Amino acid sequence: MHLTGLLDALSSTAMFQSLVERLKHQSRLPDQAIVRSARPFMVAAVVRALADIPILVVTARVDRAHNVAEQILAWLPDANVLRFQEPTTMFYEHAPWTDTTIQARIQTLAALAPPIRSRTAPEPPGTGSPVVISSAYALMQRTLPARQFRTASRHLRVGQQGDPEKLLQHWVAVGYQPASVVTGPGTFSRRGGIIDIYPPAMALPVRIEFFGDEIDSLRTFDPATQRSVAALDGFVVTPAREALPKNMSSLAERLATWFQSQPAPETDVTSTLDDYGHLESGMAFPHAEFYLPMLYQQPASLLDYLPQEALIIIEDWAALRDTVAELEVQALERREDLIPDNVIPPTMRLPYHTWDDLYESLTSRTPLHLGHPEHLIAPEEIEDDQLGFAPGPRFGGQLRLFMDHLEKLVPTADQAIVVTRQAQRLAELWSERHQQATYPLTKIDTLAELPPVTFVEGELTEGWVLEIDERSRLHLLTDAEIFGWKRPEPRRRTQQRRVNPEAYYADLEEGAYVVHVDYGIGRFQGVHKRRLQDSEREYLLVEYAGNDILYVPIHQADRLSRYVGV
């Protein structure tokens, strides 16, 4: 499904054209007060209008970041949308990041920071300048400085001279690990004059054939079959991870005094002491990202990777501020628990950027704010140069009311686009009223020559109504409006409340089927306690087929939900 043609309706309005011109001149704009359901559509329109510059979209919550990324691709299937993923661990949690998280973050940093001596960046998954979607948590996370990322990246090309041994040494220093066969990102292998490497920023690994010290050929290959796919003229080897091993030995020296002063065995720092050996060796290891804030003199944020001309879009200032504050409170509570137990040094830098730091960096870029101001907005208070979006009507599954509503739009200059998973069924009901064949589409390239009511097979989160001019409006209707009971969002911003983790599993009984956002359907087996780092913690136990067991930390209880289905 793609709905690129709907963007024409917004792009044709004088208000949107004025907004784009002001964005091109980096002029400060008022809060746009756009209803939440229309914000991904608005972002897609801006992305298309400003295709030559990178764009960062910042949301408050993780689930919203995923949702916005998916919806932008529904409007612009070829857009180069990148999710700057957040770690699966909490701040100060001594646990490894997943390979998926590391790869997605490196892909984003690589798209924004090509190597200094080459402007050839890794091929992005889409086309055009990158559109990066980040949650508050991902934006808070410290990372390696942009300059170090660039200098650690290497551009290799056919005919280039280089010592293979020095190349391998450099790759180890920037986080790559040797393997017998390259199957996953961040690994390399050597067989005589042939070297395989899998940069995380690339979709496929690359096979390098040397003739002496000269690169004779470059080819991507399928890691599953090990067969060649396509020849390359050149490619970029980015760092394999944000925690560069070449910085670890100096960190080990700084930590040596602290390790030696810790009481043992009363205080269990076994896992940290194990890490000390890895740090001292200067090799990548699973928990390396735990030490990110201590590896660099001035740890960076994603904002440091953005070029000056980049546009930042803030979905909702207030929600972003509240989420950052909530995450910081949780981090400080955890820090207070870990320092007395000597799990982390009392001098350890914050692993995150505070709200003050982020706010200063964001506001220095004149961002575009899509949400509402802090105070109550009445219709008469909305400025004349703001776009005319409104929430659509709700029908709660009453199809007769829904069809009556569409009927009223036919004699007007309005146009309705119905995006639904029930497109065939609804199109048949509509054709019974109009006695003409109506079939659902799978894409809309243009609104021209479409009937007043068009059905599209697909799925969007919510719809809206856009006032195109004084005579006509565009109505986008989805399953949320047709079948759902969710009410339109109020213009008054409601205070977000912190939800206790217990609320997510209090009503679950042992043996009930649940769905984990990453691992799918399993059977809930209650709350179990495990001892880690001399402290007892509670986990939600989920059992899968084949006797596989998943321990979900209590603070990640929101990643589980009750399974509803046959």
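Axes, in what follows, are lines fitted to C-alpha atoms, for helices over the stretch in contact, and the angles run from 0 to 180 degrees between N-to-C directions. Helices (H or I, at least four residues) and strands (E, at least two) are DSSP runs, numbered from the N terminus.

This is a predicted model, in which local features need pLDDT of at least 70 and side-chain atom pairs count only at pLDDT 80 or more, while totals for chains, interfaces and linings use all residues. Residues are numbered from 1 along each chain as its sequence is written, and side-chain values use heavy atoms, with hydrogens and water left out.

## The chain as a whole

The protein chain has 16 helices and 23 strands. Of its 566 residues, 53% count as buried, where buried means under 20% relative accessible area, exposed means over 50%, and partly exposed lies in between (1.4 Å probe, protein chains only). Among contacts between residues at least 6 apart in sequence, 72% join residues at least 24 apart; a contact here means heavy atoms within 4.5 Å.

## Two helix pairs

The axes of helix H3 (residues 39-49) and helix H4 (residues 62-75) come within 9 Å and cross at roughly 55°, which makes H3 oblique to H4. Angles under 35 degrees count as roughly parallel, over 145 as roughly antiparallel, 65 to 115 as roughly perpendicular, and the rest as oblique. The crossing of H3 and H4 is right-handed, a crossing being right-handed if the near helix is turned clockwise from the far one by less than a right angle, and left-handed if anticlockwise. On the H3 side the contact is made by Arg 39, Pro 40, Phe 41, Val 43 and Ala 44, and on the H4 side by Arg 64, Val 68, Gln 71, Ile 72 and Trp 75. These residues divide into 7 nonpolar, 1 polar and 2 charged, with Ala, Val, Leu, Ile, Met, Phe, Trp, Tyr, Cys and Pro counted as nonpolar, Asp, Glu, Lys and Arg as charged, and the others, Gly among them, as polar.

Helix H14 and helix H15 (residues 423-434) have axes that come within 11 Å and cross at roughly 60°, and they are therefore oblique to each other. H14 passes H15 in a right-handed crossing. In this contact Leu 399, Arg 400, Phe 402, Met 403, Asp 404, Leu 406 and Glu 407 of H14 meet Arg 425, Leu 426, Leu 429, Trp 430, Arg 433 and His 434 of H15. The residues involved divide into 7 nonpolar, 1 polar and 5 charged.

## The sheet from S5 to S10

An open sheet of 6 strands, with mixed pairing, has the order S5-S6-S7-S8-S9-S10; two strands pair if DSSP finds at least two bridges between them. S5 and strand S10 (228-232) are the edge strands, each pairing on one side only. Helix H8 (residues 164-173) packs on this sheet, touching S6, S7 and S8, and its direction makes about 160° with that of S6. In the hairpin of S6 and S7, which has 2 residues between the strands, Gly 192 takes a positive phi near 65°.

| Strands | Bridges | Direction |
|---|---|---|
| S5 (residues 177-178) and S6 (residues 187-191) | 2 bridges | parallel |
| S6 and S7 (residues 194-197) | 4 bridges | antiparallel |
| S8 (residues 206-211) and S9 (residues 214-221) | 6 bridges | antiparallel |
| S15 (residues 415-420) and S18 (residues 473-478) | 5 bridges | parallel |
| S15 and S16 | 5 bridges | parallel |

Within these pairs, Pro 178 has Phe 188 in S6 as its bridge partner, Ser 189 stands opposite Asp 196 in S7, and Phe 211 stands opposite Glu 214 in S9.

## The sheet from S14 to S18

A further open sheet is formed by 5 strands in the order S14-S17-S18-S15-S16, and its pairing is mixed. Strand S14 (389-390) and strand S16 (453-457) stand at the edges with a single partner strand each, so one side of each is left without a neighbour in the sheet. Val 418 stands opposite Leu 477 in S18, and Ile 417 stands opposite Thr 454 in S16. Helix H14 (residues 399-409) lies across S15, S16 and S18, running at about 160° to S18.

Leu 466 lies in strand S17 (residues 464-467) and is buried, with a relative accessible area of 1%. Leu 466 and Leu 10 are 456 residues apart in sequence, and 7.8 Å apart in space, C-alpha to C-alpha. Leaving aside neighbours within four places in sequence, Leu 466 is in contact with Ala 9, Leu 10, Phe 41, Gly 388, Phe 389, Ser 472, Arg 473 and Leu 474.
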